[in-house]
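Visitor: Please show me the model and take me through it in questions and answers.

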Amino acid sequence: MSKRARAVRWGVPVAAVAVVAAAVGTGPVIAAVRSDPSLPERTAEQLLADVARTWQNGRMPQMSGTIVETASLGLPALPGLTTPPGHAGASPVSLLSGSHQLKIWYAGEDRFRLMLPGEMSETDLIANGGTVWLWDSAANTATRLTTPEGHDHAAHTPFPTRSGLASPYATPDRLARQVLEAAGADTAISVGDAVTVAGRAAYQIVLTPKPADSLIKDIRVALDGEKLMPLRVQVYAKGAAEPVFEVGFESLSFTAPAPENFTFTPPPGAKVEQEAVSPPAGHRPREAAHAHDHDHDDHGRVVGSGWDSVLVTALPDLSGAKRDEDRHGGVDLAALLDGLEKAATPVSGEWGSGRLLRTKVVSILITDDGRLLAGAVTPQALYRAAGAKG
Amino acid sequence: MSVREIVTPARPDARDGGTGPAATARTPEPGTWRGSGAGARHLTRLLASEIALTFRRPRNLAMLGVLAIVPVVIGVAVRVASESDAGGSIVGQIAGNGLTLTFAAFAVMMPIVLPLTVAVVAGDAVAGEAAQGTLRYLLVAPAGRTRLLLVKYVNVMVFCLAACAVVALSALAAGLVLFPAGPVTLLSGTTIPAAEALLRAGVVVLYATAGLAALGAVALAVSTLTEAPIGAVAASVVLVVVSQVLTAIPQVAAVRPILLTSWWGAFDEALRTPMAADRMGRGLFVFAAYALIFGSVAWSRLTSKDITA
């Protein structure tokens with residue numbers, strides 16, 4: 001066979017690769033081509049007013065969809081951050097790295113189902129009327145969650161309800177103006193280009209921090225053009241083209257979910273438990289700016305305000321903290337902290353000395369006198385905060 | 001199985017001429033196979049003889065035997081252990097319901113045992129013939145190479161299906177003998193009747209077959225690149241192991257979506273309510289992409305290489 005004929009034959013696999021690449025690429029390309037869906041123009045104030053009006057007048061629409069959370073905070077590979085096999089997405093700390101999927105079926109404030117799929121396992125939160133079940137297939141445990149006496153059940157659902165916004169004097173327009181005024185001091189709020197999220201045209205509100213010390217470039221919230229429901233939140237760091245944190249719908253349909261999703265009976269053979277807690281509220285698109293905080297609210301103290309906030313806390317008491325975390329999904333805090341210290345670089349200055357860990361969006365300073373400072377700010381801001389205390 | 005067995009001819013009907021339907025089917029006059037009726041008949045006969053050879057080889061039968069034994073071993077182990085406490089995972093649930101053993105068997109065997117058997121059969125497919133010196137007899141007609149490759153691949157797919165079916169049936173039988181049967185609890189905590197569980201087991205079998213057939217295409221492509229069958233088999237197994245390792249390293253999470261191995265486990269979507277077709281659909285797309293790319297590599301290589309042995 002001639003050389004030329006051989007070359008032609010080897011063109012076939014090349015063409016096959018091209019066909020596959022084209023098939024994979026078509027989705028994003030189509031999305032890019034229609035990346036500017038046409039929506040009626042609205043200013044930030046009008047948009048916020050409309051959002052407030054929507055939430056005031058009605059509930060969230062019935063829907064089912066898939067939410068994907070992706071974090072690339074630039075954290076070093078720390079023990080406890082990697083997902084143990086069979087528990088994909090089960091640990092809250094594991095959400096800080098990698099990509100996680102969450103499915104949602106929503107029929108009303110007290111009728112919804114959240115599903116965290118794992119490898120040959122599944123975690124479900126199912127609310128049906130007053131009954132809330134937490135199902136963990138890996139542990140074969142069904143936990144019936146009851147809200148403590150005297151608390152309004154609806155206030156504990158992880159979904160925005162009318163209660164917070166429905167006070168009589170807060171008309172939507174007034175609320176929007178108040179939000180803009182309150183934020184105006186250190187945040188620029190604007191309406192960005194319309195985008196397509198999960199196949200739906202969406203407005204984009206861009207929150208840009210004004211302080212120079214902030215590591216966050218902006219936070220973009222995509223609002224469905226028709227239902228004005230948040231579809232996606234993206235956090236961009238300065239100097240990074242890709243979002244460092246993103247949570248949003250991958251697919252979404254505004255149809256009433258099948259009622260079977262909300263009926264749950266503990267299967268035969270499963271352990272059935274009762275626990276009097278409020279359902280976890282951390283599983284939905286929300287203001288991601290808080291996601292990086294190491295919430296040691298028992299000791300923590302916040303220095304500064306707004307985007308410049310720095311959390312100052314004593315290093316956690318490991319013996320107690322470890323036991324507590326073990327109960328909540330097997331995070332070994334001691335190992336985590338140890339890994340954190342190993343990955344950090346030694347620094348010193350007028351404020352003292354310690355170890356600094358820099359990621360794309362968070363700086364963490366562990367001083368030698370046993371304090372931990374963290375914030376979405378430049379190291380210089382941390383040093384100032386450390387010096388201010390000393 | 002030994003190296004020796006793979007390399008030495010183990011076929012009952014040697015392919016150096018001889019009589020019988022296999023020999024006549026494999027030496028058609030050039031061009032005739034294109035004619036619709038005769039071509040299709042030749043193709044069918046070639047395929048039938050290929051499948052018969054595959055399922056008559058002692059090595060392949062031994063592998064299918066191992067595949068049948070593993071679910072039984074899992075079942076017995078759980079039966080012995082369940083006296084105390086078997087735990088809550090899918091393996092632990094077998095004790096309560098024998099039908100669950102089918103799903104547990106796939107969860108245990110899909111990562112390495114099943115791929116290993118497919119790598120042996122597909123890796124040996126072309127390189128084995130080359131090593132035996134039978135390949136040139138199969139390729140007397142220039143147009144026959146494409147047809148031969150097609151038959152070889154269909155044969156690999158049939159073996160994939162047979163392997164998965166053996167695992168499922170063995171697990172089903174062992175489960176029904178060792179444990180009580182009844183409504184099955186899915187990962188979502190919902191309970192479905194036994195008949196629907198069998199249906200879902202069928203979905204798992206078909207999905208697993210598709211995943212293994214994609215590996216079969218890779219192994220077949222490797223098989224056309226060498227004349228040492230053991231090399232082709234080893235290379236395919238190494239590819240599987242390397243993919244599994246890559247899947248486990250978080251720092252290279254970006255490559256996960258394009259690895260075969262990360263989609264094999266998606267059969268667990270069949271065990272949720274509602275059945276999540278989207279992830280399995282994406283998995284099938286990846287499998288098809290692998291089959292297309294590596295199938296075309298195998299075709300280019302086989303149709304352009306000089307057959308000297």
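Guide: Two strands count as paired if DSSP finds at least two bridges between them. The model discussed here is predicted.

Visitor: Which residue stands opposite A127(A) in β5(A)?
Guide: Strand β4 (residues 121-128) of chain A pairs with strand β5 (residues 131-136) of chain A in the antiparallel sense, over six bridges. The two strands form a hairpin with two residues between them, and G129(A) in the turn has a positive phi of about 65°. In this pairing, the residue of β5(A) opposite A127(A) is V132(A).

Visitor: Which are the edge strands of the open sheet of six strands in chain A?
Guide: The order of this sheet is β13-β14-β18-β17-β16-β15, with antiparallel pairing. Neighbouring strands are turned by 30° against each other on average, direction ignored. An edge strand pairs on one side only, and that applies to β13 (301-303) and β15 (345-349) of chain A.

Visitor: In β17(A), what is the bridge partner of R358(A)?
Guide: Strand β16 (residues 352-358) and strand β17 (residues 363-367), both of chain A, pair in the antiparallel sense over five bridges. Within β17(A), R358(A) has as its bridge partner S363(A).

Visitor: Is α4(B) roughly parallel or roughly antiparallel to α7(B)?
Guide: The axes of α4 (residues 58-81) and α7 (residues 113-132) of chain B come within 11 Å and cross at roughly 170°. The contact is made by residues including M63(B) and L67(B) of α4(B) and V120(B) and V121(B) of α7(B); by class it has six nonpolar, two polar and no charged residues. Angles over 145 degrees count as roughly antiparallel. The crossing angle therefore makes the pair roughly antiparallel.

Visitor: Which element gives the largest share of the side of chain B that touches chain A?
Guide: In this interface, 29 residues of chain B are in contact with 31 residues of chain A. The elements of chain B that give two or more residues to its side are α5 (90-93) and α13 (277-304). By class, that side has eleven nonpolar, 16 polar and two charged residues. The largest share, nine residues, comes from α13(B).

Visitor: Which element of chain B has the lowest mean pLDDT?
Guide: Chain B has a mean pLDDT of 83, with 83% of its residues at 70 or more. Over residues 1-34 of chain B, however, the pLDDT is below 50. Where pLDDT is low, the predicted coordinates should not be read in detail. Among the elements of chain B, helix α10 (residues 194-225) has the highest mean, 95, and the lowest, 38, belongs to helix α1 (residues 3-7).

Visitor: What ipTM does the predictor give the complex?
Guide: The contacts between the chains involve 29 residues of chain B and 31 of chain A. For the complex, the predictor gives a pTM of 0.77 and an ipTM of 0.74.

Methods
Residues numbered from 1 in each chain as written. Chains lettered and ligands numbered in written order. Predicted model: local features only at pLDDT ≥ 70, side-chain atom pairs only at ≥ 80, totals over all residues. Contact = placed C-beta atoms within 7 Å. Helix = DSSP H or I, 4+ residues; strand = E, 2+ residues; numbered from the N terminus. Nonpolar A, V, L, I, M, F, W, Y, C, P; charged D, E, K, R; others polar. Axes fitted to C-alpha atoms, helices over the stretch in contact; angles between N-to-C directions. Parallel < 35°, antiparallel > 145°, perpendicular 65-115°, else oblique. pLDDT = per-residue confidence, 0-100.
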